Amino acid sequence: MDKIHITTPIYYANGKPHLGHAYTMFLTDAYTRYYKLRSYETRLTTGLDEHGLKIERAALKHGKEPQQFVDQIATEFQDTWKRLDIIYDDFIRTSEPRHKKIANQVWKRMEENGDIYLDEYKGLYCVDCEQYYRESELQDGQLCPIHETPAELVSEPSYFFRMSKYQQKLIEYIQEHPDFIVPKTRKNEVMSFLLNNKLADLSISRTSFQWGIPVSGTQEHIMYVWVDALVNYISSLGGIETEEFKRFWPVTVHFLAKDILRFHAVYWPCMLFSANIPLPKRLVVHGWWTIQNRKISKSNPATRVDPMLLAEIFSSDGLRYFLLEGTTLGHDGDLVYENVIDTLNTDLANKLGNLVSRVTKMAQRYLDGIITPLPDAPKQELDAELEKRAYETADAVAKNMESYNPSAALKTVISYVSWLNVYLDKTAPWTLAKKPEGKERSAHILAQLIEALRWVSIIGYPFFPNLSLKIRQQIGVEEPMIWPILFQPTTRTVQPDDILFQKLDLREVKDLLSSVLLSQPPKV
Ligand code: MSP
């Protein structure tokens with residue numbers, strides 16, 4: 001059986017989840033559902049990055065012990081993912097003993113390879129990024145280029161990782177594995193960085209704070225939070241000696257946004273080279289969601305919108321649909337509520353919802369809800385086209401998903417739905433049903449449409465899972481969803497139900513939308 005292990009970054013536990021995090025969750029959940037349909041054995045992991053100065057300071061600000069603080073945040077993240085219908089297999093937290101043990105094991109393997117040495121670190125550090133910067137990388141030599149806050153001067157004893165040793169090996173690896181980093185633009189960015197800069201060794205421990213994983217065998221060193229966090233991808237599998245690891249590594253695909261590309265495309269591969277662990281299969285790098293062109297982020301209060309509340313307004317399928325449709329993976333997308341409402345009304349209410357409603361109601365009205373295939377009914381050109389388009393659409397969805405363009409995949413599903421509406425209008429089964437000589441043809445048309453709706457429910461499942469299940473219920477499909485699919489109209493009992501997707505009215509949701517900004521500071 002083919003296998004795939006999909007991961008999200010583990011998010012910083014310094015505040016509630018926002019819409020940017022939700023995007024990565026919808027994306028990875030959609031991929032996991034897609035591969036499940038394709039009969040892969042799948043594993044989706046997510047979790048929280050709970051250590052480091054940034055979290056320690058956030059806890060202090062709220063008058064909490066760090067552990068108590070992150071426990072509360074973990075519950076909030078888990079509740080949010082539940083509300084958004086994200087199905088993951090593991091939620092790994094870096095403060096868990098199972099993680100700490102493996103982080104130290106990986107460290108030890110790097111050490112045994114002669115790649116860790118003690119020295120003194122003196123330099124500039126951005127706590128929000130949890131990253132060291134060279135003066136030349138800072139705005140005016142002082143401000144973090146992302147957070148625009150002053151970098152702090154750090155001077156303390158530190159363990160270093162001989163990252164420089166792996167520069168050439170990494171360059172060759174990426175050249176030999178051109179699909180290791182997708183999209184290509186991100187691969188090119190990493191290559192150009194590696195070819196034009198000399199990799200410095202990396203400071204991988206700190207002594208000036210407490211909240212983290214103590215480096216075993218030392219008194220005062222705490223593991224650098226990025227070394228600690230990256231290991232989550234392995235500690236979630238129980239380490240490198242487990243059955244789980246053998247099953248799911250290295251068929252691992254890390255999804256992440258562009259801001260943490262260097263950690264995943266440079267630090268992490270070098271750490272793995274050093275620890276003698278194979279590299280994951282792929283890094284899929286997406287862009288940012290912005291509001292009025294400002295990145296949605298915790299440090300930017302005006303952009304922190306609560307995905308839970310948005311799901312109350314748009315439904316979790318609606319929110320998922322818009323986020324996946326609204327931007328090509330790799331590009332940024334700007335959240336404009338008018339566009340969300342427009343897209344959902346057009347695609348989910350008008351195109352999909354109306355089709356389901358019209359077809360199921362006609363099936364009830366003209367066939368008492370019982371659809372029977374009529375293999376000998378005379379076929380017209382349009383019928384053959386309906387079937388041909390079904391296969392072509394499924395192929396296009398697969399091709400686009402596998403080349404990391406879920407937005408194009410979803411658009412092909414909805415354009416098939418549009419075409420089905422045209423088929424329905426052109427064949428007009430409601431007119432035929434009223435004439436004795438047209439009854440058989442009308443029944444055949446409806447059987448074709450019900451089968452096409454079953455088809456849509458499968459290929460659309462990654463993008464609107466709840467609607468897909470509702471459609472199946474209405475058209476009486478009970479068998480499990482499996483893809484590849486055969487176009488094979490079957491006897492079904494159809495039962496129309498409530499409106500599939502309620503149309504949204506901007507005036508009605510305006511007040512609700514004004515309350516979706518996350519409170520600041522988070523309620524803990
Ligand atoms: N803790 C690190 C990751 C460690 S992984 C070993 C971190 N955390 S984070 O809370 O800042 O989350 C970053 C991730 O959240 C991004 O890589 C992306 O997956 C998601 N996003 C955060 N803001 C986002 C947007 N505005 N838009 C899209 N995705 C966003 O970095």
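This is a predicted model: local features need pLDDT of at least 70, side-chain atom pairs count only at pLDDT 80 or more; totals for chains, interfaces and linings use all residues.

Trainee: Why is the contact between Lys-108 and Glu-112 called a salt bridge?

Mentor: The cut-off is 4 Å between a side-chain nitrogen of Lys or Arg and a carboxyl oxygen of Asp or Glu. Here the N to O distance is 3.6 Å, so the pair qualifies under that cut-off. Lys-108 and Glu-112 sit 4 residues apart in helix H4, which means about one helical turn separates them.

Trainee: How do you know whether Lys-108 is buried, partly exposed or exposed? And what about Glu-112?

Mentor: Buried is under 20% relative accessible area and exposed is over 50%, with partly exposed in between. Lys-108 has 46%, so it is partly exposed. Glu-112 has 60% and therefore counts as exposed.

Trainee: What does the bridge between Glu-479 and Arg-492 look like in numbers?

Mentor: The closest N and O atoms of Glu-479 and Arg-492 are 3.0 Å apart. Glu-479 is in the loop between helix H18 and strand E18, and Arg-492 is in strand E18, so the bridge ties together parts 13 residues apart in sequence. Glu-479 is partly exposed at 33%. Arg-492 has 6%, so it counts as buried.

Trainee: Which residues do salt bridges with shared partners join into one network?

Mentor: Glu-41, Arg-43, Glu-244 and Arg-247. Over the whole structure, the search finds 27 salt bridges.

Trainee: On to the ligand. Which residues are closest to it?

Mentor: Ile-10, Thr-24, Asp-49, Trp-289 and Ile-296 are the closest, out of 26 residues that surround the ligand.

Trainee: How much of the ligand does the protein bury?

Mentor: Taken alone, the ligand exposes 660 Å², and the protein buries 96% of that. Strand E2, helices H1, H7 and H8, and strand E12 are the elements that each give two or more residues to the shell.

Trainee: What makes strand E13 mostly covered?

Mentor: 5 of its 5 residues are buried. On one side are Arg-282, Val-284 and His-286, and on the other are Leu-283 and Val-285. As background, side chains in a regular strand alternate between the two faces of the sheet.

Trainee: Which strands pair with E13, and how do you know?

Mentor: Two strands pair if there are at least two bridges between them. E8 is joined to E13 by 2 bridges, running parallel, so that one meets the limit. E12 pairs with E13 in the parallel sense over 5 bridges. Leu-283 stands opposite Ile-181 and also opposite His-254.

Trainee: Why do E6 and E9 count as edges of their sheet?

Mentor: The open sheet has the order E6-E5-E7-E9, with antiparallel pairing. E6 and E9 each have a single partner strand, so one side of each is left without a neighbour in the sheet. E9 is joined to E7 by 2 bridges, and Ser-203 in E9 is the bridge partner of Phe-160.

Trainee: Last one: is Ser-205 buried or exposed?

Mentor: Buried: its relative accessibility is 0%, and the cut-off is under 20%. Ser-205 is in strand E10, and a polar contact of 2.7 Å joins its side chain to that of His-221.

Technical notes: Residues are numbered from 1 along each chain as its sequence is written. Side-chain values use heavy atoms; hydrogens and water are left out. Buried means under 20% relative accessible area, exposed over 50%, partly exposed in between (1.4 Å probe, protein chains only). A residue is near a molecule or strand if one of its heavy atoms lies within 4 Å of it. Accessible areas come from the Shrake-Rupley method with a 1.4 Å probe; for residues, only the protein chains shown count as cover. A polar contact is a pair of N or O atoms within 3.5 Å; within protein, one must be able to donate a hydrogen and the other to accept it, and residues adjacent in sequence count only if both atoms are side-chain atoms.
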